[in-house]
Amino acid sequence: MRLGFLNEQNPLERRVALVPEAVAKLTAKGFQIVLEREAGTGAYWPDEAYRQAGAEVLPTAQAVVEACEILLRLRMPTPEEIERYPSGRVLVGLLQAWQHPASLAALAEKQWSIFGLERLPRLTRAQSMDVLSSMAALAGYKAVLLAAYHFARVFPMLTTAAGTLAPARVLVIGAGVAGLQAIATARRLGAQVEAYDIRPAAKEQVESLGARFLPLTLDATAETAGGYARALTPEEQARQQEALAAYLARADIVITTAALPERPAPKIITRTMRQQMKPGAVIVDLAADTGGNCEETIPGQTQNLDGILLLAPLQLPATLPVHASQMLSRNFSEFLSLFCAKNSPPKLHLEDELLQKTCILWKGTKELVA
Ligand SMILES: NC(=O)c1ccc[n+]([C@@H]2O[C@H](COP(=O)([O-])OP(=O)(O)OC[C@H]3O[C@@H](n4cnc5c(N)ncnc54)[C@H](O)[C@@H]3O)[C@@H](O)[C@H]2O)c1
């Protein structure tokens, strides 16, 4: 089975789907691998390293798509790209299909099968394939570094001959994978950290990292059976905003990471709440890729709003292309292993729960036929 990946055509993208080490392992499992020229150069892996690992380097993206049966992508291809694609192939990737209905329709028209790894259930068996966790951990780390870079003070308490400097107060909203990594990073830099999540299960994890969990509770459980948060009702949202405002007003740095599966991010910080914050405070809205947690967020832009800096970076993990590619590569390799049975060549099938749960289209249709 031929597996292909491309030089992702996006100005923000420097990651690559497979690193040479993974190419060698997948080749040993029976896959033949083709890649577009310079697919790995954004993450410092030259074409020669891929050739030595057993892959074939092709001159164009089109040549790769035509040569492979399974295409790995780090984002959903555009309808214009899909128009040039041959029919009846398989797409595996970090696709967020719900944000790209036109691409989905174009792929259906071409009878493609699609597996979106963002749909993997949170099972122990799926952890090594969990692209969302891998990328969220990197985003949480980088968000704190961005905030520290833009902050006009230091993070740790410093006692010097010129006086004592107070530590920064960091507030993390949403204590999932990204939030917990942000907490750990801010703590390592010496900040005082507070965190909040609507899932009560997050309290213990926040406290184990040495941060304080804010005592804001909801009447009904906010956790779904899949371990994700549910959307709040308008009344719950209003109560949450009212309770959070006082904590925001005293924070120096706010990192927001709240997300809902396959839906736009919940709006948590209103303009009024931001107006009550201290001048010099920095907000990093990590949910910008799905619209943002702040009412005033403009995805991809940094705004100075009355002295409060609001950063809304897109695709933050792509700014750490080496580690991001290593992690994605491991995630993809583990997922592709689902197509491999012992002692036989890789075969496309739907006989595994993880394949069924991630399958968005099967041979062009939404009705799954195993
Ligand atoms: N067992 C596994 O394989 C596995 C793998 C990864 C994650 N998980 C768990 O799944 C859970 C979700 O993780 P995630 O980081 O992918 O979540 P996510 O990216 O979907 O959301 C980030 C966080 O935002 C929170 N949130 C959503 N709406 C909110 C709101 N209105 N106000 C405040 N917070 C809000 C969520 O509860 C979550 O903790 C976590 O408990 C995580 O530890 C389990």
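Which residue in E2 is the bridge partner of Gly4?

1. The partner of Gly4 in E2 is Val34. This pair belongs to a predicted model, as does everything discussed in this note. Strand E1 (residues 2–5) and strand E2 (residues 32–36) run parallel and are joined by 4 bridges. In general, the strands of a sheet pair through backbone hydrogen bonds, in either a parallel or an antiparallel manner.

2. E1 and E2 are part of an open sheet of 7 strands, ordered E3-E2-E1-E4-E5-E6-E16, with mixed pairing. At its edges stand strand E3 (56–58) and strand E16 (359–361); each has a single partner strand, so one side of each has no neighbour in the sheet. On average, neighbouring strands of this sheet are turned by 25° against each other, direction ignored.

3. Another open sheet is formed by 7 strands in the order E11-E10-E9-E12-E13-E15-E14, and its pairing is mixed. Here the edge positions are taken by strand E11 (212–213) and strand E14 (302–305); because each has a single partner strand, one side of each is left without a neighbour in the sheet. E14 runs antiparallel to strand E15 (residues 308–311), and 4 bridges join the two. Within this pairing, Thr302 has Leu311 in E15 as its bridge partner.

4. Helices pack on the sheet that contains E15. H6 touches strand E12 (253–256), strand E13 (282–285) and E15, and the direction of H6 makes about 155° with that of E13. Helix H9 (residues 234–250) touches strand E9 (169–173), strand E10 (192–196) and E12, and the direction of H9 makes about 145° with that of E9.

5. Leaving aside residues up to four places away in sequence, Val172 touches Gly179, Ala182, Ile183, Val193, Ala195 and Ile255.

6. The domain assignment of the protein gives domain 1 (2–129 + 321–361) and domain 2 (136–319). Their centres, taken over C-alpha atoms, are separated by 32 Å.

Terms used:
Residues numbered from 1 in each chain as written. Predicted model: local features only at pLDDT ≥ 70, side-chain atom pairs only at ≥ 80, totals over all residues. Domains from an automatic or database assignment. Contact = placed C-beta atoms within 7 Å. Pairing = 2+ DSSP bridges. Axes fitted to C-alpha atoms, helices over the stretch in contact; angles between N-to-C directions.
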